[in-house]
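Morning, everyone. Please take a look at the chain on the screen, and then I'll walk you through it.

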Amino acid sequence: MDVPSTIIHVPPDDDEYRNITQQLQDTLRVDYRSYFAPTGGPGVPLVHRRTYPRELDRSVKFYPKMDSNTLQICISGGNNIKTDEYKTFEYDCYKSIFDMCEVIKELGNIPDKNVVSVSPYDLKFRHINISKPTTNDIIDTFENIKLMHNKEPFSGLFLHIVGHEPSYDGFYLRKTRYSKCIINLYYLKSVIEYFANCKFIVIIKDMCNAEEIDLLPTDFNDRPEDTCSLYVQYSSSRINGKSYASSNSRLFSNSIVTGFKAENCPISSFKDISSSNCYLCNSYRESIIHDPKISYNSLHESWVKPHMTELMPNGVNSCDLPILELRYVDNTNVWRIVI
Ligand SMILES: [Zn+2]
């Protein structure tokens, strides 16, 4: 059986879209491109102060560090190509952020008041509940969050973003007759920079070409003494890779959700197997009996990646496989590993 509904990301190649992105930049009056230092190649971190990050030992495990003071941001995108093939895309993205949100909330004991949910359908955060949000609604909310964080800092940030590959640096949510609702990624990155000194930042990106977008903080100047942070950036695909649909969700996001629970096999609908007779599921469960704490490393290396690799005979290519980047940052150094 072929992997269904490969989402080919062909964003609208129109000047209007570019203009909106440009207008947004102008409105914000900040050159968010300054947050990006030149890259030395794919996957090289954008580090201002330190020239070369040190390589982290592969044996160092990163465990989820969420706690009840975590800010959790869930963003699902929309689809502007109205064909049957794309019909379920928006719903699948929405369902994926919902499922992930529930698992992460439980892992970190995160209260509802710390969850920001952005989708083509609504924008929710505390007293805010906006149906079909505009770009400005989203910016207003994030600006509010920055003020809140200045006043009373969150301990960390968990961001899950699912949708089409950004076009002209804009993540597409929705189009109305008069405007398009997009999130400028330079702006989103500038919001994430606000959390650079937090104990942890976790970013999960589920989209085509996901590796190319580096949303982790890159400005380490003026970092307080004795501050250390764990950064996790988990991308569904490598450069030029594709993302895939699963049953009523996105394959990569669903693989993470099922991995944290160690319950259902994420590829059962493709392989006609159940979790109890999947050798990958069984060996993973066997391994966590002895060490029930699931690290990002083991989630990636023993569950998500091998399950997706198992779909290569069905059409998944090596560039479509996920990539996990872990960084440890203190006030003098950056250590990094890419798995
Ligand atoms: Zn399995």
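The chain has 339 residues, and 42% of them count as buried. Buried means 20 or more other C-beta atoms within 10 Å of the residue's own, exposed means 12 or fewer, and partly exposed is in between, with C-beta atoms placed from the backbone. This is a predicted model: local features need pLDDT of at least 70, side-chain atom pairs count only at pLDDT 80 or more, and totals for chains, interfaces and linings use all residues. Residues are numbered from 1 along each chain as its sequence is written.

Next, the elements. There are eight helices and 14 strands. These are DSSP runs numbered from the N terminus: helices are H or I, at least four residues, and strands are E, at least two.

Now strand β9, residues 200-206. Seven of its seven residues are buried. In a regular strand, side chains alternate between the two faces of the sheet. On one side of β9 sit Phe200, Val202, Ile204 and Asp206, on the other Ile201, Ile203 and Lys205, and all are buried.

What does β9 pair with? Strand β6, residues 156-162, runs parallel to β9 and is joined to it by seven bridges. Strands pair if DSSP finds at least two bridges between them. Phe158 has Val202 in β9 as its bridge partner. Strand β10, residues 229-235, also pairs with β9 in the parallel sense, over six bridges. There, Ile204 has Tyr234 in β10 as its partner.

Last, two helices. α2 is residues 89-108, α5 is residues 251-261, and their axes lie 9 Å apart at an angle of about 30 degrees. Axes are lines fitted to C-alpha atoms, for helices over the stretch in contact, and angles run from 0 to 180 degrees between N-to-C directions.
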